[in-house]
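Here's a quick briefing to read alongside the model. Have the sequence and the 3D view open as you go.

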Amino acid sequence: GEPLHTAQQRLLVPQKLQIIKDLAEALHAAHLQGVIHRDIKPANVMVEPRPAGGLRPVLMDFGLARDSSATEHLTETGMVMGTPAYMAPEQAQGDHSHTDVRSDVYGLGAMLYELMCGQPPFDGQSTVQVLITVMNDEPVPLRRRNPAVPIDIETIAMKCLSKEPQRRYQTALALAQDLGCFLT
């Protein structure tokens, strides 16, 4: 396969949406097993051609993954883990007790945002600057960066990127279902 971050320039919008949908379904399966990835980003996704056409995404690098049922946490409280431009605000704060499946949904939303406009929702000159904006600022509406993005896709992406986890999709499957409805 090829990393998604290098393939994304040649992909059409329906292909990008299908990739995010497929990843959301895969993450939902991982979540059902108690695994939270915590580092969702284009560089951690490989895409390969399917024999019947289209692309099959493969989520890689479970190095920061956590077992949601574990009672002991090996990472220190307050330690920031993940890639700042794609991490949920609760991750950026180092609050591992509130990092759950909705944090991975946020990462999928950040990937969707980037696939639709060519840049992540938050960027900065330094890691600290990105972390501060992730925690405090609202992302620029997607259609302001790319007016060709369908309003329904902007709505889906912005829901994923909500600062408050309870306002995001509560499962990756719910995200996949909305993308599936749009695609059909």
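Axes here are lines fitted to C-alpha atoms, for helices over the stretch in contact, and angles run from 0 to 180 degrees between N-to-C directions. Helices (H or I, at least four residues) and strands (E, at least two) are DSSP runs, numbered from the N terminus. This is a predicted model, where local features need pLDDT of at least 70, side-chain atom pairs count only at pLDDT 80 or more, and totals for chains, interfaces and linings use all residues. Residues are numbered from 1 along each chain as its sequence is written, and side-chain values use heavy atoms, with hydrogens and water left out.

**Overall picture**

- The protein chain has eight helices and five strands, and from the N terminus its elements read β-α-α-β-β-β-β-α-α-α-α-α-α.
- Of its 184 residues, 47% are buried (under 20% relative accessible area, with exposed meaning over 50% and partly exposed in between, using a 1.4 Å probe and protein chains only).
- Taking contacts (heavy atoms within 4.5 Å) with a separation of 6 or more, 65% link residues 24 or more positions apart.

**Confidence**

- The average pLDDT (the predictor's confidence in each residue, from 0 to 100) is 87 for the protein chain, and 88% of the residues score at least 70.
- Residues 65-80 fall below 50 in pLDDT, and this stretch has 31 contacts in the model beyond near neighbours in sequence.

**The α7/α8 pair**

- Helix α7 (residues 151-160) and helix α8 (residues 172-183) have axes that come within 11 Å and cross at roughly 175 degrees.
- That makes α7 roughly antiparallel to α8 (the label for angles over 145 degrees; under 35 is roughly parallel, 65 to 115 roughly perpendicular and the rest oblique).
- On the α7 side the contact uses D152, I153, I156 and C160, which meet L175, D178, L179 and F182 in α8.
- Those contact residues split into six nonpolar, no polar and two charged (Ala, Val, Leu, Ile, Met, Phe, Trp, Tyr, Cys and Pro count as nonpolar, Asp, Glu, Lys and Arg as charged, and the others, Gly among them, as polar).

**The sheet**

- Three strands make an open sheet in the order β1-β3-β4, with antiparallel pairing (two strands pair if DSSP finds at least two bridges between them).
- β1 (2-3) and β4 are the edge strands, each pairing on one side only.
- Helix α2 (residues 13-32) packs on the sheet and touches β3 and β4, with its direction at about 40 degrees to that of β4.
- Strand β3 (residues 45-49) pairs with β4 in the antiparallel sense over five bridges; V47 sits opposite P57, and P49 has L55 as its bridge partner.
- The two strands β3 and β4 form a hairpin with five residues between them, and G53 in the turn has a positive phi of about 105 degrees.
- In a regular strand the side chains alternate between the two faces of the sheet. Strand β4 (residues 55-59) has L55, P57 and L59 on its covered face and R56 and V58 on the uncovered one.

**The β2-β3 loop**

- R38 lies in the loop between β2 and β3, and its phi is near 70 degrees, a positive value in a residue other than glycine.
- Most residues other than glycine have a negative phi.
- R38 counts as buried because its relative accessibility is 5%.
- K41 is also found in the loop between β2 (35-36) and β3, and counts as buried at 18% relative accessibility.
- Leaving aside neighbours within four places in sequence, K41 is in contact with T83, Y86 and M111.
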